Amino acid sequence: MSEPGGRPGPYPQLPPPKRPSATAVVLVTGSVVVVVVMVLAFLAFGSPGFLRKPDGQADGEFWSSMASPLPSSGPPSVTPGTPAAIPGERAPMPKRTRPLADPVTCAFTPDPGAPAPKKVALPPDGPAPSTGTVAVRLATTAGDIGLSLDRALAPCTVVNFLSLARQGFYDGTSCHRLSVTTGLQMLQCGDPVGDGTGGPGYTIRDEVFPELTYGRGVLAMAKTTAPDTGGSQFFLVFGETDIPPDYTVFGSIDDPGLQTLDAIAQRGIDPAKPGIGDGSGPPKTPVTLTHVSS
């Protein structure tokens with residue numbers, strides 16, 4: 001404000017700021033702690049593509065690689081292990097906006113530190129086509145699951161999967177992890193150890209892109225927090241799965257295969273076997289891959 005004649009006058013005196021009460025401080029601090037704990041808990045368990053750390057490294061918990069907070073729908077709205085509603089419609093398959101070169105060059109890296117009770121030869125390095133699909137059938141103790149591997153999405157991952165299948169690597173392995181809760185509906189398979197720690201003794205490169213999504217009918221690779229750490233474990237998505245585009249999608253599941261997965265999901269998690277605290281765990285219906293053919 002100013003005095004007549006344009007001279008600046010004294011500014012009005014503002015009241016001193018109020019000191020927050022002790023109760024307000026406690027409430028704010030408590031809220032921050034709760035949020036931090038919730039975020040850390042979700043980062044530890046919230047995503048399906050995790051591989052378990054081998055014994056002696058971290059009590060067997062799963063590695064997490066979530067880069068985003070909880071889905072907009074919030075935490076699971078059902079009791080852990082209880083089947084949530086499974087969507088009946090297929091999700092659209094992701095597509096690359098820019099096609100890959102054809103062929104691409106694949107390379108596979110030995111990983112002597114990874115548990116590999118089944119010894120297999122590395123897939124061949126070198127050129128691989130990035131067009132076309134390959135039909136594969138998973139014969140399991142719970143019913144057959146048909147797959148269509150898509151070279152346009154992930155050509156080197158397709159080379160890897162076919163190499164493992166043709167060497168009999170998957171025969172006799174179990175699908176060790178089922179999740180049926182809201183936002184995480186998938187079955188994870190391909191571990192020769194059977195607890196999430198195993199692999200083929202080598203790693204493969206990620207083949208991801210920003211447009212990746214994971215919905216009913218999608219086939220994708222599991223990995224650790226680090227890039228390019230996939231190997232043999234994969235997951236079959238039969239419902240809603242809200243995760244970032246960090247996991248290579250390399251094919252789709254046929255309708256009879258989805259019906260098999262639905263039946264497994266409806267029976268839920270086996271409460272007699274240990275889970276990992278996020279509602280996922282061994283399926284109540286045991287699922288063993290008896291043979292994978294292409």
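Helices are DSSP runs of at least four residues, numbered from the N terminus. The model described here is predicted. The protein comprises three helices and twelve strands. Of its 294 residues, 46% count as buried.

Helix α3 spans residues 255-267 and holds 13 residues. From its first C-alpha to its last, α3 reaches 19 Å. That value is close to the 18 Å expected at 1.5 Å a residue. At the start of the helix, D254 makes a contact with the backbone. A side-chain oxygen of D254 comes to within 2.7 Å of the backbone nitrogen of G257. At the other end, α3 is followed by G268. The phi of G268 is positive, near 80 degrees.

One set of α3 residues is buried: G257, L258, T260, L261, D262, I264 and A265. These buried residues pack against several strands. The strands are β5 (145-150), β6 (177-181), β7, β10 and β11 (249-253).

Two of those strands, β7 and β10, also pair with each other. Strand β7 covers residues 184-189 and runs antiparallel to β10, with five bridges between them. Within this pairing, M186 stands opposite V237 of β10. Seven of the eight residues of β10 are buried, so the strand is largely enclosed by the rest of the structure.

Strand β9 has pairings of its own. Three bridges join β9 to β10, and the two strands run antiparallel. Here A220 has F235 of β10 as its bridge partner. Three bridges also join β9 to β11, again in the antiparallel sense. In that pairing, V218 is partnered by S252 of β11. In a regular strand the side chains alternate between the two faces of the sheet. In β9, V218 and A220 point one way, while L219 and M221 point the other way. All four of these residues are buried.

K223 lies between β9 (218-221) and β10 (234-241). K223 is buried, yet it has no salt bridge. Which side chain of opposite charge is nearest to K223? It is D206, at 4.2 Å. The side chain of K223 does reach the backbone oxygen of A226, at 3.3 Å.

Side chains of opposite charge can pair when their charged atoms come close. A search of the whole structure finds three salt bridges. One of them joins D255 and R90, with an N to O distance of 3.1 Å. D255 lies in helix α3, and R90 lies in the loop between α1 (22-45) and β1 (104-106), so the pair ties together parts that are 165 residues apart in sequence. D255 counts as partly exposed, at 46% relative accessibility. R90 is partly exposed too, with a relative accessible area of 36%.

Another salt bridge links D254 and R137, at 3.6 Å from N to O. D254 sits in the loop between β11 and α3, and R137 sits in strand β4 (residues 133-140), so this pair ties together parts that are 117 residues apart in sequence. D254 has 23% relative accessibility and counts as partly exposed. R137 is also partly exposed, at 35% relative accessibility.

A further salt bridge is formed by D262 and R216, whose side chains meet at 2.8 Å, N to O. This pair links distant parts of the chain, 46 residues apart. D262 belongs to helix α3, while R216 belongs to the loop between β8 (202-203) and β9. Are D262 and R216 buried or exposed? D262 counts as buried, at 18% relative accessibility. The cut-off for burial is under 20% relative accessible area. R216 is buried as well, with a relative accessible area of 8%.

Technical notes. Residues are numbered from 1 along each chain as its sequence is written. This is a predicted model: local features need pLDDT of at least 70, side-chain atom pairs count only at pLDDT 80 or more; totals for chains, interfaces and linings use all residues. Side-chain values use heavy atoms; hydrogens and water are left out. Buried means under 20% relative accessible area, exposed over 50%, partly exposed in between (1.4 Å probe, protein chains only). Lys and Arg count as positive and Asp and Glu as negative; His and the chain ends are not counted. A salt bridge is a side-chain nitrogen of Lys or Arg within 4 Å of a carboxyl oxygen of Asp or Glu. A polar contact is a pair of N or O atoms within 3.5 Å; within protein, one must be able to donate a hydrogen and the other to accept it, and residues adjacent in sequence count only if both atoms are side-chain atoms. Two strands pair if DSSP finds at least two bridges between them. The expected span of a helix is 1.5 Å times one less than its number of residues. Contact means heavy atoms within 4.5 Å.
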